Amino acid sequence: MELNFTHHQSAHCENGVASNLLKNSGLNISEPMVFGIGSGLFFVYLPFIKVNYAPAISYRTLPGQIFNKVATRLNLKIKRQKFSSQSNANKALDENLKNNIPTGLQVGVYNLSYFPDEYRFHFNAHNLVVYGKTETDYLVSDPVMETVTTLTHEELNKVRFAKGAFAPRGQMYYPIQIPTNVDLKSAIIKGIKNTCRDMLAPMPIVGVRGIKFVSKQIRKWPIKHGTKKANHYLAQMVRMQEEIGTGGGGFRFIYAAFLQEASVVLGNEELKELSKEMTKIGDSWRDFAVEASRIYKNRSAKEDAYNTIADELLDIANREEIFFKKLKKAIS
Amino acid sequence: MEKDKVPQDQSNLTKNNVKELLYATDENGNYTTTLSTGWEPKTIALSNSIDEINERIADAKQQVLNGEASPIVYFMEINKMDLTILSSYVGFWKWRVKRHFKPSVFATLSDKILQKYADAFEVSINELKNSITK
């Protein structure tokens, strides 16, 4: 059984699944638009939570939030289900396929057999769409892959019931109601306002202030933790920023693409200028990654090298602070 | 980032023929998407983490051989798990799993408990018990 579903590759899995599912239901909305309206851009530093033995840093909001916000802001209805029993989860998915509904799933990455081994970590907030089933396999549209792929029944079962943080518990979701006319303009404005509020939040570990805080911490890493651990922390940070899914520069390029699209929809020239500025900030994030990689490549962290990249990061934070203040003004 | 400056470096993606999608600007400054085979700073960051994991595996193996840790520690590392992930796979409290890290406690575990670990690591009980010391 194979449903009619068009696969589009995307940078990030959650935006990609949302955009692909909505396009499939007749609402043509791009990945950057989903990301912008869903206020996906974020920054948070959680030194007390360790991921792969390094402090957790995220450049995006919590899993599921982007699509949920898009749904509220565009007045769509999304059905989400979690399961405690694996057989019920399978039944519900098969039932959906029978009813001609391509279905989004939250899955763990570790058992995704089509991923390169090096990328298979215990990360549970990945998303994909199942659009068909054969005797042995499920037909899978994973938005970060160039083309569609498959998983065996057993493999799909494993990834749906991966354990650990953000355990998917078989979660599936799909749009059940899409209005004929969506109010893109007000949704865009709500999305931008939300992001400005997040990035300028008066909390030390969130948004621009969070970036500044990390910059301060980086200076201390080599002294406090020794070179080896400091290098590991830095490498993890770059991975969060650049690994598959971010579209480059810690989501800044996707966001710039969104602002460009938004400027056309809203007829707001200022947003176009701001899109260019965001691109430049994204380029600076890339430069930061290059400098950081020099440090952990040489494995000889001089204190000075850490201070240099900390300065770079501080500069990015200051520019983003000005940027989001301007952005807030541009749409009010 | 401009489209023609998008890096096309060798990476761990290359051998699986996977390319990732990036957002970049075209010659008129308009956003478009483009594919990339990889980027060196990322590849180094990833191989840094892989080295780290391999070191942890080697350490764990040595500890098991020295009789300082049970084979569970070793299997946890080769499965890229940590205490939190392992405890949620086997369904025991973290302190219990930690106790099972001790060789003396491990030796007394029932087959029922061992089976849970064996399932989590996708090996047999026999492999779980003996594959390192052999």
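In this predicted model, K228(A) and E55(B) form a salt bridge in which the closest N and O atoms are 2.9 Å apart. Side chains of opposite charge can pair when their charged atoms come close. Between chain B and chain A the count of such salt bridges is four. Polar contacts across the interface of chain B and chain A amount to 19 residue pairs, with both residues at pLDDT 80 or more.

Which elements of chain B give two or more residues to the side that touches chain A? They are the strands and helices listed as β1 (20-25), β2 (31-36), α1 (40-65), α2 (71-78) and α3 (83-90) of chain B. The largest share comes from α1(B), with 14 residues. By residue class, the side of chain B that touches chain A divides into 20 nonpolar, nine polar and 13 charged residues.

The size of an interface is often given as the accessible area lost when the parts come together. For chain B and chain A, the buried area is about 4,100 Å², and carbon and sulfur atoms give 55% of that area. Chain A brings 51 residues to the contact, and chain B brings 42 residues.

One residue of chain B can be followed in more detail. D82(B) sits in the loop between α2 and α3 of chain B. Leaving out residues up to four places away in sequence, D82(B) touches Y53(A) and M76(B), one residue from each chain. A polar atom of the D82(B) side chain also lies 3.0 Å from the backbone nitrogen of I85(B).

The surface of chain A carries a nonpolar patch of about 360 Å², made by F48(A), I49(A), V51(A) and M240(A). Strand β1 of chain A (residues 41-51) gives the largest share of this patch, three residues. V51(A) is in that strand.

Turning from the interface to the whole structure, how many salt bridges are there over all chains? The structure holds 19. One salt bridge within chain A joins K212(A) to E321(A), with the closest N and O atoms 2.7 Å apart. This pair links distant parts of the chain, the two residues being 109 residues apart. K212(A) belongs to helix α7 (residues 207-242) of chain A, while E321(A) belongs to helix α10 (residues 303-331) of chain A.

Note on methods. Residues numbered from 1 in each chain as written. Chains lettered and ligands numbered in written order. Predicted model: local features only at pLDDT ≥ 70, side-chain atom pairs only at ≥ 80, totals over all residues. Heavy atoms only, no water. Contact = heavy atoms within 4.5 Å. Buried area = accessible area lost by both parts, 1.4 Å probe. Salt bridge = Lys/Arg side-chain N within 4 Å of Asp/Glu carboxyl O. Polar contact = N/O pair within 3.5 Å; in protein donor to acceptor, adjacent residues only side chain to side chain. Helix = DSSP H or I, 4+ residues; strand = E, 2+ residues; numbered from the N terminus. Nonpolar A, V, L, I, M, F, W, Y, C, P; charged D, E, K, R; others polar. Patch = residues over 30% accessible without salt bridge, like charges linked within 9 Å, V, L, I, M, F, W, Y side chains within 5 Å. Areas by Shrake-Rupley, 256 points an atom, 1.4 Å probe, with all protein chains shown as cover.
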